[in-house]
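Biologist: I have a structure open and want to learn how to read it. Can we take the features in turn?

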Amino acid sequence: MTKITIKTLDDKCANDERFACVTAYDASFSKLISAAEIETLLVGDSLGNVIQGAKTTVPVTLEEMAYHMGCVSNGLVGHEHQPFLIADMPFMSYATTQLALESATVLMQAGAQMVKVEGGDWLLDSVQYLSERGVNICGHLGLTPQSVDSLGGFRMQGRQPEQAKVILEQAKSLQEAGARMLVLECIPTSLGKQITDTLDIPVIGIGAGPFTNSQVLVLYDLLGMSMGRRPRFVKDFLTGNTQGIIGALKAYHDAVISGSFPEKEHCFE
């Protein structure tokens, strides 16, 4: 059995090897992701958009996240390839240090090996507190969907030099506080590269350029099922693939590992 751990991902990062991540929400798709030997599976609060039909991720609850985390974890029982499992901490479930610990406990007991939080400096105490207690933390900077209303919509972040400097400094602070991984979303390629080169922890990009250690796409997006306007960073790996969904997942994995995805058209300058 091949079990992907945080050490597996750290070693890949240290050796300049890429790995792939897919966001999914149920047992059936987790089995296919395992069969495609994708290294990391994120149970995202994006389920609010693609499963529940909400306009943002804000309405998703901790109980709903734990339910879907359990579905994904159960789907992997007995499979030869065991991807590393990350769960989003939903909106306001980590507003205080104690609440963050309680929420992380729920998600990890449901099967998560790491929890992901959105934000910068205000999170540092919680990141350190949870890390000291054995909780793997993934940060998330750039476009943070839970804050989309305060950001003024789904817009690229870090275009201005001062804003880019703040994101870089927050990334370094999160690592120093104990974060073991970082997601960068919708930032310029140059900033994605700078942050990845600066940090020692694995960096996962989504609309952050081709130089991060990993890429993540929502399963429905890479299968060409995006609702409404397709985000710039999305590529349809299913259309034209004669091997169906498993073929699309393998094609996505191969493209991430080889560095052929994302292409320039999927990036922000």
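Modeller: Start with the second largest cavity, which holds about 40 Å³ of space. On a 1 Å grid over the protein atoms alone, a cavity is a set of points where a 1.4 Å probe fits but cannot get out. A pocket is an open set with protein on both sides within 12 Å along at least five of seven lines. Lining residues have an atom within 4 Å of a point. Grid points are joined across faces, edges and corners, and a volume is the space filled by probe spheres set on the points.

Biologist: What kind of model is this, and how are residues numbered?

Modeller: This is a predicted model, where local features need pLDDT of at least 70 and side-chain atom pairs count only at pLDDT 80 or more, while totals for chains, interfaces and linings use all residues. Residues are numbered from 1 along each chain as its sequence is written, and side-chain values use heavy atoms, with hydrogens and water left out.

Biologist: Which residues line the second largest cavity?

Modeller: Its lining is Tyr-94, Ala-100, Val-117, Leu-123, Ser-126, Val-127, Leu-130 and Ile-137. Helix 6 (residues 124-132) gives the largest share, 3 residues. Helices (H or I, at least four residues) and strands (E, at least two) are DSSP runs, numbered from the N terminus. By class, the lining has 7 nonpolar, 1 polar and no charged residues. Ala, Val, Leu, Ile, Met, Phe, Trp, Tyr, Cys and Pro count as nonpolar, Asp, Glu, Lys and Arg as charged, and the others, Gly among them, as polar.

Biologist: How many cavities does a search of the whole structure find?

Modeller: The search finds 2 cavities of 30 Å³ or more. The largest cavity has a volume of about 50 Å³. It is lined by 13 residues, and the closest to its centre are Ile-206, Gly-207, Gln-215, Phe-233 and Pro-262. Strand 9 (203-206) and strand 10 (214-218) are the elements that give two or more residues to this lining. Strand 10 gives the most, with 3 residues. The lining of the largest cavity divides into 8 nonpolar, 5 polar and no charged residues.

Biologist: Pro-262 is in that list. Is the peptide bond from Phe-261 to Pro-262 cis or trans?

Modeller: That bond is cis, with omega near 5 degrees. Pro-262 sits in the segment after helix 11 (244-258).

Biologist: Now an open site. What lines the second largest pocket?

Modeller: The second largest pocket has a volume of about 220 Å³. Its lining includes Cys-13, Asp-16, Glu-17, Arg-18, Lys-193 and Phe-211. Helix 9 (residues 189-198) supplies the largest share, 3 residues. The classes here are 4 nonpolar, 3 polar and 5 charged.

Biologist: Helix 9 also meets helix 8 (residues 161-177). How do I read a helix pair?

Modeller: Look at distance, angle and hand. Axes are lines fitted to C-alpha atoms, for helices over the stretch in contact, and angles run from 0 to 180 degrees between N-to-C directions. The axes of helix 8 and helix 9 come within 10 Å and cross at roughly 25 degrees. Helix 8 is therefore roughly parallel to helix 9. Angles under 35 degrees count as roughly parallel, over 145 as roughly antiparallel, 65 to 115 as roughly perpendicular and the rest as oblique. Helix 8 passes helix 9 in a right-handed crossing. A crossing is left-handed if the near helix is turned anticlockwise from the far one by less than a right angle, and right-handed if clockwise.

Biologist: Which residues make the contact of helix 8 with helix 9?

Modeller: Contact means heavy atoms within 4.5 Å. Helix 8 uses Ala-164, Ile-167, Leu-168, Ala-171 and Lys-172, and helix 9 uses Leu-191, Gln-194, Ile-195 and Thr-198. They divide into 6 nonpolar, 2 polar and 1 charged.

Biologist: At what angle do helix 2 (residues 27-35) and helix 4 (residues 62-75) cross?

Modeller: They cross at roughly 45 degrees, and their axes come within 7 Å. Helix 2 is therefore oblique to helix 4. The contact joins Ala-27, Ser-30 and Lys-31 of helix 2 to Cys-71, Val-72 and Gly-75 of helix 4.

Biologist: And where does Glu-37 lie?

Modeller: Glu-37 lies in the loop between helix 2 and strand 3 (40-43). Its phi is near 60 degrees, a positive value in a residue other than glycine.
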